[in-house]
Amino acid sequence: MQYRQFGKTGVKVSAFGMGCMRMPTYTDGEGQVKVDRPKAVAMIRRAAEGGVNYFDTAYVYHNEESESVVGEALSGELRKKVMIATKLPMWKITCEDDLEAIFNEELRRLNTDYIDVYLLHSLNAGSIETIKKYHVLEFLDRKKAEGKIRFAAFSFHDKLEAFKQLVDLYDFDMCQIQLNILDINEQATAEGMRYAAEKGMAVVIMEPLRGGTLATVPDEVAKLYNEMPVKRSPAEWGFRFMYNFPQVSVILSGVSTMEQLEDNLRIFDGAEAGSCSTEEEELFIKVREAYDARIRVRCTDCKYCQPCPQGVEIPKIFSQYNDLAVFDHVEGNRKRYAKLIEGQADAARCVECGACEAICPQHIAIIEKLKEARAHLEG
């Protein structure tokens, strides 16, 4: 296992961090999806045995089961050898007392008296108002002074400008951002990653395989990978792209099986920053271009077309259509589109008034593209 500096903290962490959001599950007699605790505990302990010392969970993961599973798996002497990261669900905060109540509940679930990395969960441009309203930063300071939190952090899903505002808001020890081969210029972006690292913050990467979508690739991408002299799986190429960045401290991988875990342990045994050749860096550019060529509608989700007089959710429809085309996720996107039909927000509602086309900054032929999307999404 390769280890890296956790920002300016002086702590060393495993390059592979186990994400505990996709643990093995089963469906009980009442139709509820539950964590398969024996399997999950065994996987977490195997990861620790294999050198992983960073485990990421959250209050809400697995219908609020994840933290207790992690607490069970990492109890006793093992607790002293690892770092546990969990998150404060910002959307559940209605008053300052909620901060203390939720934090204490997380300590109980995790079977611990301190949390190594405490993240403000899923921040965006609107979060700063909430943070100030409920004095969240003062709460973090207090818990750090009490020894209940070692490092303060946040996870993020929004645009670069908002990310930089949050980085500058407080002396955070770490940020957790979505980054992968395709999202290098999306959300926090590679620029944001470098910005945070220059401030001395540890950078933890989530969704390095975009929820697993980069592990199963279309033929054009498979051809590019197969032409390389060194043969690697699409998943390994995805991880390799991310661990090449020296700014990255930890790459989270949400494994669901012991086989996936063992493969990750193998991959991260050689996860050295700066290890990619010029040929490999060119490969990643070609891979992005191959995915980009599959996009059917150049919608930027600006929402200028919303609200539609007929209630058509135009950006959502185009997003589902693009996802189907880029990743060949036919069944999943058709199910999501079926929900738009139920909500009477589907493309069939379009009366071709043209109001959306008149204000679209991208000059998309929306009426025709909605017909095209409907044909594919309805099958």
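Hello everyone, let's start at proline 307, which lies in the loop between α12 and α13 (314-327). When I say helix or strand, I mean DSSP runs, numbered from the N terminus: H or I of at least four residues for helices, E of at least two for strands.

A word on what we are looking at. This is a predicted model, where local features need pLDDT of at least 70 and side-chain atom pairs count only at pLDDT 80 or more, while totals for chains, interfaces and linings use all residues. Residues are numbered from 1 along each chain as its sequence is written, and side-chain values use heavy atoms, leaving out hydrogens and water.

Now the barrel. Eight strands form a closed barrel in the order β3-β6-β7-β8-β9-β10-β11-β12, with parallel pairing. On average, neighbouring strands of this sheet are turned by 30° against each other, direction ignored. Strands count as paired if DSSP finds at least two bridges between them. For instance, β3 (residues 16-19) and β6 (residues 54-56) pair in the parallel sense over two bridges, and glycine 19 has aspartate 56 in β6 as its bridge partner.

Next, strand β8, which holds both histidine 121 and serine 122. Is histidine 121 buried or exposed? Histidine 121 counts as buried, at 10% relative accessibility. Here buried means under 20% relative accessible area, exposed means over 50%, and partly exposed is in between, with a 1.4 Å probe and protein chains only. Serine 122, at 28%, counts as partly exposed, and it has a positive phi of about 55° although it is not a glycine. Leaving out residues up to four places away in sequence, histidine 121 touches several residues, including Lys87, Trp91 and Ser155; contact means heavy atoms within 4.5 Å.

On to helix α7 (residues 160-169), where Leu160, Ala162, Phe163, Leu166 and Val167 are buried. They cover an arc of only 160° around the axis, so they sit on the same side of α7. That arc is taken from the directions from the helix axis to the C-beta atoms. Among the elements covering these buried residues are β9 (149-156), β10 (174-178) and α8.

Apart from neighbours within four places in sequence, methionine 193 is in contact with residues including Phe163, Phe245 and Val248. The C-alpha atoms of methionine 193 and valine 248 are 8.0 Å apart, although 55 residues separate them along the chain.

Finally, the aromatics. Rings of Phe, Tyr and Trp (its six-membered ring) pair if their centres lie within 6.5 Å; planes under 30 degrees apart are stacked, over 60 edge-to-face, and the rest tilted. How many aromatic pairs does that rule give? The count is 16. In one of them, tryptophan 237 and phenylalanine 284 have ring centres 6.1 Å apart and planes at 75°, so the pair is edge-to-face. Tryptophan 237 lies in α10 (residues 234-243) and phenylalanine 284 in α12 (residues 278-293), so the pair ties together parts that are 47 residues apart in sequence. Tryptophan 237 is buried at 0%, and phenylalanine 284 is buried at 3%. Ring pairs also link Phe154, Phe156, Phe163, Tyr170 and Phe172 into a cluster.

Note on methods: Axes are lines fitted to C-alpha atoms, for helices over the stretch in contact, and angles run from 0 to 180 degrees between N-to-C directions.
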